[in-house]
Amino acid sequence: MECFTPFRLLYLLLVLSIPMSASMAEDLGTYIIHMDKSTMPMTFSSHHDWYLSMLSSMSSSDGVHPTHLYTYNHVLDGFSAVLSREHLDQLEKMPGFLAIHADTFGRFHTTRSPRFLGLDKNAGSWPEGKFGEDVIIGIIDTGIWPESESFKDKGMGPVPDRWRGACESGVEFNSSYCNRKLIGARSFSKGLKQQGLIISTPDDYDSPRDFLGHGTHTASTAAGSPVRDANYFGYAKGTAIGIAPKARLAAYKVIFINETDTAAASDTLAGMDQAIADGVDLMSLSLGFEETTFEQNPIAVGAFAAMEKGIFVSCAAGNSGPEGYTMLNGAPWITTIGAGTIDRDYAADVTFDGGIFTIRGRSVYPENVLVSNVSMYFGHGNRSKELCEDFALDPKDVAGKIVFCYFNQSGGPSQVREVVRAGAKGAIISSDSEFFIFPSFFSIPLVVVTPKDGDLVKDYIIKSENPVVDVKFLITVLGSKPAPQVAWFSSRGPNNRAPMILKPDVLAPGVNILAAWAPKRALTFVGDNGLLTDYILLSGTSMSSPHAVGAAALLKSAHPDWSPAAIRSALMTTAYLLDNTVGSIIDMDTGVAATPLDFGAGHINPNMAMDPGLIYDIEVQDYINFLCGLNYTSKQIKIISRRSKFTCDQANLDLNYPSFIVLLNNNTNTTSYTFKRVLTNVVNSPSVYRASVKQPSGMKVNVQPSMVSFAGKYSKAEFNMTVEINLGYARPQSEYIGNFGYLTWWEVNGTHVVKSPIVSAFAL
C-alpha cells in the first residue's frame, strides 16, 4: 500500500519484496507453481483436480505432506502450495510443470478532488459517463469498513445480473453488510498464514473488514456515495464523493496488519483471480512488489489476464521519489499513476506580541485549541538547539513554551519528538521544503512556515524581551496555487524493466485527499488521547490510483466497447500540462518545471478524456510481440500469457503507445529512432488531423504523413515518426532526462486535440 499521513510520511512504504522461504518446518516454503494446462491428462475433469492429485502423490522423508493454498483459474495456469525441498524436486519432474516462484511480500504503497478534476453534475464526464452507473470496480487492498456513509446505496438500482461475486462472512463481518453499492467483499490470507503470521484482533480482522483504513479510503475515493459535511476534525469540510459515485464496489482484502503489514504474492494473485471471476470491469491496486521480470511479478501477471478480459487495471506508481528509475507497476498493460497536489491547503494564523504582525503557516493540528499569549523560545547561537536536535533542548528553558526551530533535513519528525520530550507546548518550524510538514499524529500544536516568515520570527524573538504568540488553527485554504504539483514522494520514470515505455502514464490527485476511514483506527493524537474519525486526509500514490480508476469507470460507462488501452489512451492524450497559474506543472522537490519522467503525459482531465477524438489502441498480440522484443524466453511468455502456441515472428519493442521515449546510453548524447503508430477515430463522423511538433534544442522530429484522414468511426490511419537526438555537450535537466517535446494532432475544422510527450532519457 502506498500512502502518507497529511503532508508527511506515515510509514516508510517503499515496496520491497522479500523472498519467503521458511515457515512451519525448516525447509518448508510457499510457492507459486505455473503449469502447462494443455498437458492435463484426460482422466481429470478439471485442472484443480489434476493439481490436487499431483500434490497427493508427493512423498517426503520427514512425513510432511504438501499443503494446497489456491488454484488460479484466470490470472495464471497453476496453483500455490506449501512445499518442502523434496516436494520441489518431485514436482519439477512431473508432466506439465512449467516454472516455480517463491512467494513474495508486497507492501501497501474526498471533498475537493472531484471539483479539482472539473467534475460537474450538470455537464462533462459525470452526466456523460452516467456517474459510473453499474460499472463494477474491484479494489485490491486492506478490505473495507462497510458501515461507512460512503458505501450507502441510497438511490441505486438492483445489482447487475452479470455480477457473480459474493459477500463473505468472517470476524466482525457479516454477508448482510453488502448492499447495492458494496456488492462484494472477500478476504485472502492463506499465503500469509503459511508464514506463521497470525491474523487476529486487536491487530487485524481475519475477514474483509478493514482494520487499517487504507482500503476504505481508496474505495471511497474511487466510487464513494456523496456524504455531506465530511471533514477531518474541521479541515476540508464539504461533501465527500467518489470520482464515479454510481459505480459498484467490490473489496478484495489481501493486505493484513501483522508483524510485517504486507501482502503475499499468492494472496494477491488469488484476489485478482477472484475479481476476474466475479465480473469486475476495472481494478485498482495501491500496492506493489519488487520490480522483477514481469513473469515473476504477481500484479503484472494478474493484470495481463485482466487486460485480456477487457478489465482496466490502475496501479500506484510507488512512493520512492523523487529519484529516477523508482517506478513500480511498470508493465505496459497496466495504467500507472503518479501523485499530484490539489488546490487545497491547511493553515494556521500565527500572531506575535498581540498583533505586531501575523503570518500564515501550514498545519493540520486537529483541535481549535487556545494558544494565546504563550511565551516563545529559540536556541539562538547554539546550532543544535536552533535545529531542535535530539536531546539539545533543556526542559527548564522550553517547558510550556512555543519552540521555534529550523527544519533539519536529516532530522524530520525527530525534531518534534525532541520538542515533545522537552515539555514544550508546541512548535513553529521554518522549512524551505515545500513538501515538508509534520504529521498530525504528533500530540502538540505544530505550524510550518516558509523561510521568509521564519526569518521574521527569528528576528522578533531575538529582539524582544518577552516574545509571545497567538495561534489560530483549523483554517482550510481553497484555490491554493500553484496546483497541481508533482508530489515529492511520487516515484519517477523510466521503468527499469521496460524503459522503452514512458512511465508513469499520468498524474492524478494524491496529496491530502479526504476520504472514508476505519473509525476504530486512531492516527491522530492530542496529548495522550487518540482521536477517532470517519474521514481522514492521506497522501500517496495509493490515493492517485483510485482517482484514475474512478475516471476510467466514467469512460467505461460512456464507452463500454473501449479496451483498457483505449481508456488509457483517452486519459493520456487529453491530460493537461499547465497548473492553475497557467505555468508548467512544478516538481515539488526541485521547485522548477517537472518533466514527463515525473508526470507522464500530464494530469488527468476526465471531461476531456470523454471525447478524445483519436486513440492509440493495443491488442493482446501486440503485448506478446513486445515481450518477444524484450527477449523473454518462451517459458516466460507462456507464464504471462498462458498460451502454449505463439510465435515471436513479429517481435517488436515499439508498442502502439500514446507516448514516445528514446533511450541514450551513458557514452553518447546522440541517437535516432523511428516509431510506427496507428490512430483510431472514435468519433461518429469523418475527420482530418494535422500533425504539429514542439521540439526543443537537441531534438529533431519528422512525422510522415503529417496529415491523416478518417472515413468514419473506428477507421484507422498509420504514421511514422523519426526522432533524432543530439544533446551535444549540454547537461541534461536532471540525472536521467535528456530533453522532451510533444507531438500534437490537431483536428482540421474541429475541436479535438491529441497530444503525446516525446522524451529522451538516459539508460540506467
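Where is Pro 504 found? Pro 504 is found in the loop between β22 and β23, where strands are DSSP runs of E with at least two residues, helices are runs of H or I with at least four residues, and both are numbered from the N terminus.

Before selecting anything else, note that this is a predicted model, in which local features need pLDDT of at least 70 and side-chain atom pairs count only at pLDDT 80 or more, while totals for chains, interfaces and linings use all residues. Residues are numbered from 1 along each chain as its sequence is written, and side-chain values use heavy atoms, with hydrogens and water left out.

**Two cis peptide bonds**

Then select Gly 493 and Pro 494, where the peptide bond is cis with omega near -5 degrees; Pro 494 lies in the loop between β22 (485–486) and β23 (506–509).

Glu 172 counts as partly exposed because its relative accessible area is 42%, and the cut-offs are under 20% for buried, over 50% for exposed and in between for partly exposed, with a 1.4 Å probe and protein chains only. Asp 353, in the loop between β15 (344–352) and β16 (357–362), has a positive phi of about 55 degrees although it is not a glycine, and its relative accessibility of 35% makes it partly exposed.

**Phe 256**

Select Phe 256 in the loop between β10 (248–253) and β11 (262–264); this residue is buried, because its relative accessible area is 0%. Leaving aside residues up to four places away in sequence, Phe 256 touches several residues, including Phe 188, Leu 192, Ile 199 and Tyr 205, where a contact means heavy atoms within 4.5 Å. Displaying Ser 200 as well shows a residue 56 places from Phe 256 along the chain, with 9.8 Å between the two C-alpha atoms.

**Ser 220**

The last stop is Ser 220 in helix α6 (residues 214–223), which is buried at a relative accessible area of 3%. The side chain of Ser 220 reaches the backbone oxygen of His 217 at 3.1 Å and the backbone nitrogen of Ala 516 at 3.0 Å. Not counting residues up to four places away in sequence, Ser 220 touches Ser 150, Phe 151, Gly 242, Ala 515 and Ala 516.

Terms used:
Polar contact = N/O pair within 3.5 Å; in protein donor to acceptor, adjacent residues only side chain to side chain.
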